[in-house]
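This report describes the fold of one protein chain, element by element. The sequence and model come first, and the description follows.

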Amino acid sequence: MDSVILTARTLREKYAHRPAAAFIGPLLAANNIRLDIWPMQTEKFAGCLWKNGDEWTILLNARQAQPRKLFTLAHELGHYFLHRHLKTHFSCNIFPTGPVSRWEREANRFAAELLMPAGQVMRWADTSPARAARHFGVSEEALQYRLRSLSAVRSGGGKYGPPAEND
Ligand SMILES: [Zn+2]
């Protein structure tokens, strides 16, 4: 298991089977991370994470749908837990159309594992996607993408396999 998944899984295990809506608040508080949500002029900007003095802040664009806001928040937490020793400011468009940097991909993988842990998601595979999406607080699209990625990994890769990790 690589360090991105391990970090997400270790954090998630602290909060057992609680859904994201119940553990994100305590997770922010435990790490002293401030959260601000503000309606931006553009929908392209998803969120950012930055350090001011000793304090870290996550800013989310309020103009995103709720499930996307939660994914952005988990993505910024990914930068905090994986990359905060490398940089003090991360500005993110989570669903860009162009190429994506390695750090952005790592933060997305962290967010997927934090919000939809592999071990829990597979148990929901045979139930209604809408019910499962509500349980995890994500969009149905995100949940189905996650299920396809996980089954591809189990069956040895394929169309929906994870991106190459050779950079
Ligand atoms: Zn990012």
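## Helix α2 and what covers it

The buried residues of α2 are covered by elements that include α1 (3–14), α3, α4 (102–115) and α6 (129–136). The model is a predicted one: local features need pLDDT of at least 70, side-chain atom pairs count only at pLDDT 80 or more, and totals for chains, interfaces and linings use all residues. Residue numbers start from 1 along each chain as its sequence is written. Helices (H or I, at least four residues) and strands (E, at least two) are DSSP runs, numbered from the N terminus.

Helix α2 spans residues 20–30, and its buried residues are Ala 20, Ile 24 and Leu 27. They cover an arc of only 70° around the axis, which puts them on the same side of α2. This arc is that of the directions from the helix axis to the C-beta atoms. On the face turned away from the buried side, α2 carries the exposed residues Ala 22, Gly 25, Pro 26, Ala 29 and Ala 30. A residue is buried if 20 or more other C-beta atoms lie within 10 Å of its own, exposed if 12 or fewer, and partly exposed in between, with C-beta atoms placed from the backbone.

Asn 32 follows α2 and is found in the loop between α2 and β1. Its phi is positive, about 60°, although Asn 32 is not a glycine. Asn 32 is exposed, with 9 other C-beta atoms within 10 Å.

## The chain as a whole

The protein chain has 7 helices and 4 strands, which run α-α-β-β-β-α-β-α-α-α-α from the N terminus on. Of its 167 residues, 31% are buried. Among contacts between residues at least 6 apart in sequence, 57% join residues at least 24 apart. Two residues are in contact if their C-beta atoms, placed from the backbone, lie within 7 Å.

## The sheet

The 4 strands form an open sheet with mixed pairing, in the order β1-β3-β2-β4. β1 (33–38) and β4 (89–92) stand at the edges with a single partner strand each, so one side of each is left without a neighbour in the sheet. Neighbouring strands are turned by 20° against each other on average, direction ignored. Two strands pair if DSSP finds at least two bridges between them.

β1 runs parallel to β3 (residues 55–61), and 6 bridges join the two. Of the 6 residues of β1, the number buried is 0, so β1 lies largely in the open. β2 and β3 pair in the antiparallel sense, also over 6 bridges. These two strands form a hairpin with 2 residues between them, and Gly 53 in the turn has a positive phi of about 65°. Residues that stand opposite each other are listed below.

| Residue | Opposite residue in β3 |
|---|---|
| Leu 35 | Ile 58 |
| Ile 37 | Leu 60 |
| Trp 50 | Thr 57 |

Helix α3 (residues 66–83) packs on this sheet and touches β1, β2 (47–52), β3 and β4; the direction of α3 makes about 155° with that of β3. Axes are lines fitted to C-alpha atoms, for helices over the stretch in contact, and angles run from 0 to 180 degrees between N-to-C directions.

## Helices α3 and α4

α3 and α4 pack at an angle of about 115°, with their axes 7 Å apart. Their crossing is right-handed; a crossing is left-handed if the near helix is turned anticlockwise from the far one by less than a right angle, and right-handed if clockwise. Residues of α3 in this contact include Leu 70, Phe 71, Ala 74 and Leu 77, while those of α4 include Trp 103, Phe 110, Ala 111 and Leu 114. By class, the contact has 12 nonpolar, 5 polar and 1 charged residues. Ala, Val, Leu, Ile, Met, Phe, Trp, Tyr, Cys and Pro count as nonpolar, Asp, Glu, Lys and Arg as charged, and the others, Gly among them, as polar.

Leu 114 lies in helix α4 and is buried, with 26 other C-beta atoms within 10 Å. Not counting residues up to four places away in sequence, Leu 114 touches Ala 8, Leu 11, Arg 12, Ala 74 and Leu 77. The C-alpha atoms of Leu 114 and Phe 136 are separated by 9.9 Å, the two residues being 22 residues apart along the chain.
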